[in-house]
Amino acid sequence: MEAYLIAIAIITAIYVLLALGLNLQYGLTGLINFGHVGFFCVGAYTAALLSKRGFPPLITFPVAALLAALAAWPLGLVSLRLREDYFAIVSLGFSEVVRLVATSERWLTNGVQGISGIPKLMDSLVPRAAEPVAVLALLLAVNLGAILMMRRIANSPFGRVIEAIRDNEEAVKSLGKDPAGFKLKVLMLGAALAGIAGAFYAHYISFISPEQFIPLVTFQIWMAIIMGGVGRVSGALVGTLILMLFLEGSRFLHDVIPFIPDVEMASIRLGVVGLAIVLFTLYRPQGLMGDFTRR
Amino acid sequence: MTGFLELLVAGLNSGLVVGLAALAVTLVFGVARFANAATGDAMSLGAYVAFAGANVTGSLIAGSAIGVAAGALVGATSYLLVFRKLVGRSSVTALLASIGIGLLIRAAIALAFGHQQRTFQLPLVRPWRIFDIRIHPNDLNLAVVAVLALAVTFFVLHGTPVGRRMRAVADDLSLARVSGIAPARVMIALWLLAGAVTSVAGIMLGIKAVITPEMGWEMLLPAFAAAILGGIGHPVGAVVAGILLGTVQEMSTPFVGFTYKIAISFLVLLLVLLLRPQGLFGRVEGAR
Amino acid sequence: MIITRRQLIATMASTALLSSNRASFAQGSGIFRIGAANCITGAGAAYGTGMQKMLQAGVEAVNAAGGAAGLKFEVSTEDTQTQPQAAVLAVKKLIEVNKVQALLGIWSSGESLATLPLANDADLLFMNTSGAPALSVPPANAKGLSYRFQATNDRFGRAFAEIAEKEGFKRPATMAFNNASGIGNTEGFRKAWEKKGGKVVEAVVYEPNQSSYRSELQKVLSAKPDVIVTGSYIADTTIILREWYQTGDTQKWIIPGWAANSDLIKAVGPEAAEGIISVESVSNEGSDAFKAYDAAYQKAINAPGLGNAYAAMAWDMVIVLALAIEAAGKADTAAINAKIREIANPPGKAVATFSEGKAALKAGKINYEGASSALDFDEYGDVTPDFSMSAIEKGKLVRKYIVKI
């Protein structure tokens, strides 16, 4: 029983990391990133390929974060020149291109066959039986680290500039600060978090393929932060929890609601995600936990 | 050489469907000023309703009429229920809400019709050969429909009072208000028109390909790209851009292969936004 | 740690809900617990429900005959959503919460590749219907616990090659849907064809979900093949065939049975579909085991058992497992594993149901001839079913002959 709960906790913690990254980007700078799953994908494939070649996590994780951040760089440069909704569309295209590359470059990614047999994360460090708990502990530590880092950023001069950019970009420019560089850094930071999440994911599921990195994942994370409340770390946490409860909980739904055929469950899940996004956007844009941003 | 010409024809053909979808996108983008991500799924809905209608009435034309009416209705309803309440908020909010609406529509379609493919029952015919290039009568029909849709849109926008008001609202909302134009009625008319065009695009796509719950969503990125390429708010631009994109995409296949050709719309979109944000026909409004 | 507590409370709530609805906490001896990880939703939804029901029906049949080695069977079911991630969670739950002793019914390659490591860790038998070659060998199948009841993609390709040769084609081209199954089929074909000394004149891989495949088709047609072999699905096949027919070209097509069926004929019309060769791995339709399966399927689903070849495989999974347990005499994975080939492969007395096999085991070695195939497992745990060649004539699918590879 505990092992099952730990499994759910691990997936949840991975999603929290994704939500924290997205929340950093949107909450602090207002960047609408519809391509978050692209960074997730880069991190996952990097960790998978490197660890299968024998590199230890101490190397693969930072490289995964680095490559995800680097992938964000050209996207970031583009974002500076574009209106928010245009950027949103471009970022969606970006994540699809990442998926196409993963599909097409067979020599690198094994294409649609995917990469299987990714080694477990803590295998060499702890006994087999304790491995999941160790992974969960590490994940929680990383999440905590991300949260602390975000708190420090928010309270630092850098963070104050970010908030000022969000509130009034022209004023910031007139003060001689360069909002572009800051926005870029935030985008890359959020991407790095997604890359680390991807690395954890690859090790945990042990099999990755391009079809696991589709835009729907991005929109599920969006649903999480909208419901939880943007701009607040607690919002990302609460929102992700609700998301996971929904995704895993719907597994048990057919016991409670027997007259819905199981086959339709996937459509119902999709519909509920859509409805949640619409309702929260309409009636509670600040989410459950409240909103720091003025949007 | 024939090979290239055939690719050109293939591109023109797929570009027309993209162009129709882009027409729907650009109408909403131009007047309501946000990117409606539910366009794709609304296309699917139009196709499904037309399919059901054709089955019930036994006629494709009648079914399509029902599909177009349904599309118009869905457009107006989503405005009344959702988008009207989001006026004044950032355009991103509306974009987000439209994503949610799109997912809802897709779920509803899948629940109502199931996931297996449907097809419009149309007779298959052998093509005509002109200068050793194959031209299919169906393609010509598609072109005719696209031109008709454009013509109707043009007529509404330029030849009717409500269309003039739409263009006024598109140009400058506050000025339009000050001139006494009641935005609500204009918007309803706009969404009826956009919804109808969306359905037409969906039905044409369904006739060309197969009808599945995901069919419209796949068209979304190319439609956005074409709308932006053509210049937001320019109906002719959207259709021309759609054709251009489709053609470039197909003709690029000998160079980039069949997987990456899909990325071409994205690349074009990016280049346009960076180099000439107003698109081919638009005014300099700025993408920033 | 706030996060841990919140998560734990939330998940405990959902698990409490779960446990109140499952009668699967039976501990102690006398019971053998099977975990059914089926794809009830998602891409495999058309087959998952049938497979689940047949796993349950098989369990009923085994229990009706008195169980295996004195143990009654119980089955816990979970939906894998045809997604690797959801499959991992589903299997984790089955292993950790329901404490199953074997995993049956995993359908797609992605799900199998993600969950076989879990079975290996927990030392559980793993019976699936996936096609990916990677499942046969280490590292995936390092412990030899995985048994595949469906033909590998390779074998499909070989069947295509046999049929192409028999029909006298000389210049085949291939078109593959860009996923593991589509490419697996056409690669299998290419390997087998080249082994016969032939050459594939053109090979195209196309992306899914497009509205037109004209340029891909054009590339294939420009190589002037006399037959086009596909690894495709019904939606893309429909579009491709339509566009092909409208080119006026005259080659033949060899298409997998899940794409070349009555739905396809309905979609493109009998004229365009005329002459298409449809290839399917066939259930062991003449066998007595199939009759037993068909009866159970009709009872549970009210449709002919022919409609879902995977359901026949699911039925066989339970019977094979039960017979192996009976032969081993105990519920130990290694002991059971050692007996699987013994009871399923020749030589031995041919049996068709569990009760028959249970009785015959007292007298000597048996050979279970299954409903889905003869079930002779090779050293990788793979089977080699027969394949049927059917042709579409005047709008109807007509079975022509069976191919054995």
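In the predicted model, helix α1 of chain A (residues 2-29) packs against helix α11 of chain A (residues 233-249), with the two axes 9 Å apart and at an angle of about 135 degrees. The crossing of α1(A) and α11(A) is right-handed. On the side of α1(A), the contact is made by A:I8, A:I11, A:T12, A:Y15, A:V16, A:A19, A:L20 and A:N23. The partner residues on α11(A) are A:G235, A:A236, A:L237, A:G239, A:T240, A:L241, A:L243, A:M244 and A:E248. By class, the residues of this contact between α1(A) and α11(A) comprise eleven nonpolar, five polar and one charged.

Chain C contains an open sheet of seven strands, arranged in the order β7-β6-β8-β9-β10-β13-β14 with mixed pairing. Strands β7 (202-206) and β14 (396-403) of chain C form the edges, each pairing on one side only. From one strand to the next, the twist averages 25 degrees.

Within this sheet, strand β9 (residues 252-256) and strand β10 (residues 277-282) of chain C pair in the parallel sense over three bridges. Opposite C:P256 stands C:V279, a residue of β10(C). Helix α5 of chain C (residues 153-166) lies across several strands of chain C, namely β6 (172-177), β8 (227-231), β9, β10, β13 (386-393) and β14. Relative to β10(C), helix α5 of chain C runs at about 135 degrees.

Key:
Residues are numbered from 1 along each chain as its sequence is written. Chains are lettered from A and ligands numbered from 1 in the order in which they are written. This is a predicted model: local features need pLDDT of at least 70, side-chain atom pairs count only at pLDDT 80 or more; totals for chains, interfaces and linings use all residues. Axes are lines fitted to C-alpha atoms, for helices over the stretch in contact, and angles run from 0 to 180 degrees between N-to-C directions. Helices (H or I, at least four residues) and strands (E, at least two) are DSSP runs, numbered from the N terminus. A crossing is left-handed if the near helix is turned anticlockwise from the far one by less than a right angle, and right-handed if clockwise. Two residues are in contact if their C-beta atoms, placed from the backbone, lie within 7 Å. Ala, Val, Leu, Ile, Met, Phe, Trp, Tyr, Cys and Pro count as nonpolar, Asp, Glu, Lys and Arg as charged, and the others, Gly among them, as polar. Two strands pair if DSSP finds at least two bridges between them.
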